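Student: I would like to go through this structure step by step, beginning with the contact between its chains. Could you take my questions in turn?

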Protein chains: 2
Amino acid sequence: MDNPILAEVTRGHTVESRHRGSALVIDADGAVVFSAGDVDRPVFPRSAVKALQALPLFESGAADRYGLTEPEIALAVSSHSGEPLHAQTSLAMLAKAGRDAGCLECGAHWPMNDVAARAIARSGGEPSALNNNCSGKHAGFVCLACGLDEDPAGYVKAGHAVQQAVRGALEEVTGAAHSTDRMGTDGCSIPTYAVPLKALALGFARFGTGHGFAPQRAKAAARIRKAAAAHPFMVAGTGRFDTRAMELLRERIFIKTGAEGVYCGALPELGYGIALKCDDGAGRAAEVVMADLIARFLPMDEAQQLAFAPLRESVMKNWNGIEVGRVRAARV
Amino acid sequence: MDNPILAEVTRGHTVESRHRGSALVIDADGAVVFSAGDVDRPVFPRSAVKALQALPLFESGAADRYGLTEPEIALAVSSHSGEPLHAQTSLAMLAKAGRDAGCLECGAHWPMNDVAARAIARSGGEPSALNNNCSGKHAGFVCLACGLDEDPAGYVKAGHAVQQAVRGALEEVTGAAHSTDRMGTDGCSIPTYAVPLKALALGFARFGTGHGFAPQRAKAAARIRKAAAAHPFMVAGTGRFDTRAMELLRERIFIKTGAEGVYCGALPELGYGIALKCDDGAGRAAEVVMADLIARFLPMDEAQQLAFAPLRESVMKNWNGIEVGRVRAARV
């Protein structure tokens, strides 16, 4: 079965490019609210499940032991843009566990945010692992290791206690086996497991409601959602989709992008979980499709609709600032 | 009709993403050598037709009047990375027509090449229009305007003598009407016209052979091919696909990337033209598909095959330098 076209890119009056994919909205009992394309095919969720990967940090007591703040919790589930506040907050998290940036095993890269990258270049500096978009998640992993009284060294490896705990949480929350034959290595060197989109949507319906979770896990999920809603900048960064959407809708949504066109999220007041994957890995398409699904189901007043509209249809401008086209969801 | 999957992206042992599209290889008489997907749908060729857009620069006599060198000719058909040599060469072209960077109407952007961008930031500078990936083409447009004794001001507009000449050449070479109802604005502000992929492939079969061209146009096409083959760095830049492929195969190929997953090219010794478009606009897929088509038809000895192999299957590494996946052509 070919997946349907979920998003279109226009130029002038012509559709220039088309993005196919699959998307699912489901409640915590598994009742399907919306479905498009093949939702059973295994998909690497990549960074879209960082909030689920962070659950052991709370359930183990490590987050409380080190007194992680709300901005730090938001950063622990982020793919941030490497802006100064992100890097500083990662470092602060590590310091609470008595560690420093030397413990991070995610690798260094230039900040995703161009202004931040150029500021480092202007100062004659080089980026560190703190600027890696995953440094908050990794600082959380280091805190988890220390909280478990484990040596953090090698915490990215599938056999380390940290990744075992993460994998266990992912399996329980999504209900899907995370098998080594469907394992890949993520950009930040931790294992990522391909699971059906349906399992991801179900996991996020549970994450958004706590339905079916033990009390401790439900409390952890609520803390993460609250932290992200209060500090959306920490989850992504300046101008980023996750940040803009959560700044507008706060605790009414929890959303998280992943590489290769994946998006996961929850609409807690409706009890819905959302998971989508653009076949071709395009983030620009995943964003407008997520926006379209949110707008389709979440009641908004006129002012909210107006403020949310630019997220649903993204305007492409050229180097002279002239609008040349748009990225928009295709009605499936 | 759904276009077939032309390229796959793997992670571990799993296919993570898939790119669909259409591709055509055709000879200058219009005989189809290879065809996949819908080759009749109008496609914006974007920068993939810069070599055809440059023909009037030669046919008008402007290139000779200003004594453009081979590196300058290669730059006139480039989407360069904004490295210092690219910017300097654009400026030199403008100077030959008695103009400077103030004439460029493409807009400024930071160099595509990260090292070049950071060097500008380190020096406390800002990028200029010379760093725009289209500045070579635009310098050529300014030379064309001056060669026609026209005021270059407004040369990006559809009604200017420069764009009229460019559109005329595109229509003649491709045999396709370039109509205003299929017009869009390109990233560098000039008009781009959506035409069938088939017309683009035919245009490049003619461009690669001169077949069906007046002698002056055939000579211009040969000059451009020779210049690109001698100076592949000028056509793109450090590490870029066009540069690497033409460094290896020189005059045996002429290829040019365009935005939104378009690629055009010619295999002169076989008389073939190539045009392809990835539906989703992905350049990473367009590259491996172009490499696959070249390797499928162009005889190479063992050493050439070995050197060309990394272009056919591109290795993705993560921030720790670990191979995590590959981008490869799918056999259609």
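Student: How many salt bridges are there between chain B and chain A?

Tutor: Bear in mind that this is a predicted model. One example is R122(A), which pairs with E126(B), the closest N and O atoms lying 3.3 Å apart, and this falls inside the limit of 4 Å that a salt bridge requires. Counted between chain B and chain A, the salt bridges number eight.

Student: Which element gives the most residues to the side of chain B that touches chain A?

Tutor: Between chain B and chain A, 37 residue pairs are in polar contact, both residues being at pLDDT 80 or more. On the side of chain B that touches chain A, the elements giving two or more residues are β1 (5–11), β2 (14–27), α6 (114–122) and β5 (183–185) of chain B. With six residues, the one that gives the most is β2(B).

Student: What area is buried between chain B and chain A?

Tutor: The contact draws 49 residues from chain B and 49 residues from chain A. In chain B, the residues losing the most area to chain A are R11(B), R122(B) and W319(B), which together make up 16% of what that side buries. Carbon and sulfur atoms give 44% of the total buried between the two chains, which is about 4000 Å².

Student: Is V195(A) buried or exposed?

Tutor: V195(A) lies in strand β7 (residues 195–196) of chain A, and its contacts beyond four places in sequence include P42(A), V43(A) and L200(A). Because its relative accessibility is 1%, and the cut-off is under 20%, V195(A) counts as buried.

Methods: Residues numbered from 1 in each chain as written. Chains lettered and ligands numbered in written order. Predicted model: local features only at pLDDT ≥ 70, side-chain atom pairs only at ≥ 80, totals over all residues. Heavy atoms only, no water. Contact = heavy atoms within 4.5 Å. Buried area = accessible area lost by both parts, 1.4 Å probe. Salt bridge = Lys/Arg side-chain N within 4 Å of Asp/Glu carboxyl O. Polar contact = N/O pair within 3.5 Å; in protein donor to acceptor, adjacent residues only side chain to side chain. Helix = DSSP H or I, 4+ residues; strand = E, 2+ residues; numbered from the N terminus. Buried < 20%, exposed > 50% of the residue type's maximum accessible area, 1.4 Å probe, protein only.
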